[in-house]
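Please look at the sequence and the 3D structure shown below before reading on. The report then goes through the model part by part.

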Amino acid sequence: MAEIKNANAKQEERPLTQGVKEYIQFLEDANAGKPVEEEKKEKKKEVELNTVEYHSIKPFRGNGKLGVIVLDNFAHAGKMFFKITIAGKEFIPIGYDTFGNPVISEENFAYYRAMKYLAERKGETLVPKIEFKKKVFCVKTEAYDSIQGIQNATTSLKKFKEVLINRKYAARTGITLNEFIAFEKYILASDGRVYEANNIILKDIDSKEAAARSIYSVDEMEYYESNGNEVHIPDEKDVCAVCGKSFDISDVAFASFTETKEASKVHKNCLCDFVRDMEHQKACEIIDAVYDGRPSSEVVYDDEQDVNWYLFKTNQGTIGIRFKTKVIEIKWFDNFKPFNMKIFDNERVTKYDRGIHAWSKDDAIHYLVMAKKA
Ligand SMILES: [Zn+2]
């Protein structure tokens, strides 16, 4: 008990940084005689100018290298912006998440963690401060919620992305937005998000003006549906994680981008090439571990199953390898020397006539050796 008391006493002696003093003041102000319910209701309203919030930076989705600040309040993008300061240094967000929370770059997030570590080492607390400031310009509703306004923004990814960000903010302040179909591929929904649009049928539009547009109101649709998949349109600063090229508006128009599991943006073609070459290399390593002379290989795309087969012409006949989510499938073709599949009777894996699933690269090599020797 004595030790705990001492620890507490030590903490009390610690000097308070300006950030902590302000944070304590913030808590006191927030609790100053206001019933909790009333406070909750207030949060849903558009935030007041110069509102201040204090939050730590948390890892953002994906690989967690980016940071995010989860805010209580949301500012109308057209009228306000956030100023984020950490120990007096301004951190400018690289973008905003689906909920309008500021996203912090990898470098700034690492810098923040270092500052936090050093502050804690001195017994201080570092709390980022977020102020809601007035924007010097004002975005008119038409710019992000009318056919012509959005159409005008389709000339560049930067402009289009601005429209999307403004729509998200507007939605967060409680405005129900009009819905649009963009590039006959996306639904710009009333909640400010973007969803995949499927099976779009335009009404008979005979005006030249309408035919030249890439933005339509949903009222101009005979039919459309959505699989509910949200689309994260790349930022003009984003680069393809494989080829390194920046994205532009044509990538959006042709839907030639996608996201990896780690939430990196990539060109669909680049991702396909990347996956194919990585798999092809792995398949070659498996075969080369069993057969000498680097048997010639061929990649055959199976569009029914959307996978590649890697075929190898060995001196015993053709072997196919493909990679499924969890297993490596091996198939011995008809021209492969005869052998009895009974050699695999002790293997507790999926088997079929001249085919087997392996749980690992080592298992795959092991099965190929068994068939080679059989
Ligand atoms: Zn690319």
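What follows describes the model as a whole and then some of its sheets, helices and cores.

## The model and its confidence

This is a predicted model, in which local features need a pLDDT of at least 70 and side-chain atom pairs count only at pLDDT 80 or more, while totals for chains, interfaces and linings use all residues. Residues are numbered from 1 along each chain as its sequence is written. The pLDDT is the predictor's confidence in each residue, on a scale from 0 to 100. Its mean over the protein is 83, and 82% of the residues reach 70 or more. Over residues 1-14, however, the pLDDT is below 50, and this stretch has two contacts in the model beyond near neighbours in sequence. Residues 30-45 also have a pLDDT below 50, with three contacts beyond near neighbours in sequence.

Two residues are in contact if their C-beta atoms, placed from the backbone, lie within 7 Å. Among the contacts in the protein with a separation of 6 or more, 57% are between residues 24 or more positions apart. A residue is called buried if 20 or more other C-beta atoms lie within 10 Å of its own, exposed if there are 12 or fewer, and partly exposed in between, with C-beta atoms placed from the backbone. By this rule, 23% of the 374 residues count as buried. The secondary structure comes to 11 helices and 22 strands, where helices (H or I, at least four residues) and strands (E, at least two) are DSSP runs numbered from the N terminus.

Strands of a sheet pair through backbone hydrogen bonds, either parallel or antiparallel. Here, two strands are said to pair if DSSP finds at least two bridges between them. Four strands form an open sheet in the order 11-10-9-13, with antiparallel pairing. Strand 11 (194-196) and strand 13 (215-217) stand at the edges with a single partner strand each, so one side of each is left without a neighbour in the sheet.

Within this sheet, strand 9 (residues 180-182) and strand 10 (residues 186-188) run antiparallel and are joined by three bridges. Ala182 stands opposite Tyr186 of strand 10.

A nonpolar core is a set of buried Ala, Val, Leu, Ile, Met, Phe, Trp, Tyr and Cys residues joined through C-beta atoms within 7 Å. The largest one has 28 residues, and those with the most contacts inside it are Phe160, Phe180, Tyr186 and Val194. Helix 7 (157-172), strand 9, strand 10, strand 13 and helix 9 (249-253) each supply at least two residues of this core, and helix 7 gives the most, with six residues. Phe180 touches Ile147, Ile150, Leu188, Ile215, Tyr216, Ser217 and Val218, when residues up to four places away in sequence are not counted. A second, separate core of 16 residues includes Ala283, Ile286, Tyr310 and Leu368.

What length should helix 7 have, given its 16 residues? The expected span is 1.5 Å times one less than the number of residues; for helix 7 this comes to 22 Å, which agrees with its end C-alpha atoms being 22 Å apart. The buried residues of helix 7 include Leu157, Phe160, Val163, Leu164 and Tyr169. Among the elements that cover the buried residues of this helix are strand 6 (95-96), helix 5 (141-145), helix 6 (147-152) and strand 10.

## Hairpins and paired strands further along

Strand 18 (residues 307-314) and strand 19 (residues 317-323) run antiparallel and are joined by five bridges, and a hairpin links them through two residues. In this pair, Tyr310 has Ile321 of strand 19 as its bridge partner. Strand 19 also pairs with strand 20 in the antiparallel sense over five bridges, and here the hairpin runs through four residues. The bridge partner of Phe323 in strand 20 is Ile328.

Strand 20 (residues 328-332) is in turn joined to strand 22 by four bridges, again antiparallel, and Lys331 has Gly355 as its bridge partner in strand 22. Gly355 is also the bridge partner of Tyr352, and strand 21 (residues 351-352) is joined to strand 22 by two antiparallel bridges. In the hairpin of strand 21 and strand 22, which has two residues between the strands, Arg354 takes a positive phi near 65°.

In a regular strand the side chains alternate between the two faces of the sheet. Strand 22 (residues 355-358) has a covered face with Ile356 and Ala358, and an uncovered face with Gly355 and His357.
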